[in-house]
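I opened the notebook to record, entry by entry, what I looked up in this structure. I start with the strands, and then I turn to a loop residue and a pair of helices.

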Amino acid sequence: MDGRVLGKRYLLDIRIAKGGFSEIYIGFDIKTKKQIAIKMESVKEKPPQLLFESKLYKLLHGGTGIPNTRFFGSTPDYNFLVMDLLGPSFQSPYFRNLPLSHVLMFADQMINCIEFVHSKSFLHRSIKPGNFVLGTGMHKYQAYIIDFGLAKRYRNPSSHEHIPYRENKQFLGNPTYASIYTHRGFEQSRRDDMESLGYVLMYMIRGSLPWEEIKADTVRQRCEKIEEKKASTSIEDLCRGYPTEFASYFNYCRSLKFEDEPDYARLKRIFRDLFIREGFKLGDCVLDWARTRTPPFQPLGPGAGAAPSSDIPPAIPNAHAHSGCFPYASMCALVSKF
């Protein structure tokens, strides 16, 4: 598929992620001569997700940490969404075992992202490291939230009437980062997105989670085993060896009732106060990140193996920062044909 032109304007080049539902490519806007990202989905996918996702991106446009989308279109075989090219996802090994200062810096931004999505009456429902990416250029230290294929409206945008509480729901999301309530089949609400973010933060600072490597014969069995391990691991044990603010975050999130609006300012204040008390400075964190945490660009080739669909990181590697790894000349040669 590489070298194909979509919408008479967007040239596909390198596939950088693949899973059960979609593929992500780095591409080239023939008109503007700029690199872009293209997310593709088979038209046979049931139910289709990309059209819904494109509409939600438009609704969220301009918000905190929301990527800019450029075009949605279809071919006889694929639906495709063209987006700005962003940086590496937090699923990258470079986001494991981060210094406390870096985790606190990103925690503030990630809470802002989720708060904005919630303010538009939607839940994300798939909060995980692979669904946060860095920006590029002037925004290369800014976290962005992506992949709204599982998002759901949780309230009427006009009346703010909340969806009803339900039980026995089919599991939806990523079991490694899902909330306890989600594992138990409860209808998801804002509290579940926030608890999932807590697991993401612990992944970033610990480097792994106690249930991350659990194996099973089926997806359902793995979910059940992860739920058992997650439920038997106390908040204190999960956060042991790290500042008590992380345990405070979890205790607050798990105390929320189904329809409660999280106190986002309180959660940000927990981490901001810790940041200040530790004597960290934002400028120092940015410089340290630039010096020690610049990830290499390693795209998946056309023959690369597919990752499990639940772990697809629709990450959009920072080709601008690593132009030496990007076959820019070959792309320009293709573009010259049009």
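**The sheet**

I began where 2 bridges join β1 to β2, which run antiparallel; two strands count as paired if DSSP finds at least two bridges between them. I noted that this is a predicted model, in which local features need pLDDT of at least 70 and side-chain atom pairs count only at pLDDT 80 or more, while totals for chains, interfaces and linings use all residues. I also noted that residues are numbered from 1 along each chain as its sequence is written, and that side-chain values use heavy atoms, with hydrogens and water left out. Strands (E, at least two residues) and helices (H or I, at least four) are DSSP runs, numbered from the N terminus.

Isoleucine 14 has isoleucine 26 of β3 as its bridge partner, and alanine 17 has isoleucine 24 of β3. I checked how covered β2 is, and 8 of its 9 residues are buried (under 20% relative accessible area with a 1.4 Å probe, protein chains only; exposed is over 50%, and partly exposed lies in between).

I then wrote down the order of the whole open sheet of 6 strands, β1-β2-β3-β4-β6-β5, with antiparallel pairing. β1 (5–6) and β5 (69–74) stand at the edges with a single partner strand each, so one side of each is left without a neighbour in the sheet.

**Serine 189**

I looked up serine 189 in the loop between α3 (180–183) and α4 (190–206), and at 1% relative accessibility this residue counts as buried. Leaving aside neighbours within four places in sequence, serine 189 is in contact with Leu123, His162 and Phe258, where contact means heavy atoms within 4.5 Å. The side chain of serine 189 reaches the backbone oxygen of phenylalanine 258 at 2.8 Å.

**Two helices**

Last, I looked at α2 (residues 100–119) and α9 (residues 282–292), which pack at an angle of about 110° with their axes 10 Å apart. That makes α2 roughly perpendicular to α9, a label given to angles of 65 to 115 degrees. The contact is made by residues including Met105 and Phe106 of α2 and Val286 and Trp289 of α9.

Notes: A polar contact is a pair of N or O atoms within 3.5 Å; within protein, one must be able to donate a hydrogen and the other to accept it, and residues adjacent in sequence count only if both atoms are side-chain atoms. Axes are lines fitted to C-alpha atoms, for helices over the stretch in contact, and angles run from 0 to 180 degrees between N-to-C directions. Angles under 35 degrees count as roughly parallel, over 145 as roughly antiparallel, 65 to 115 as roughly perpendicular and the rest as oblique.
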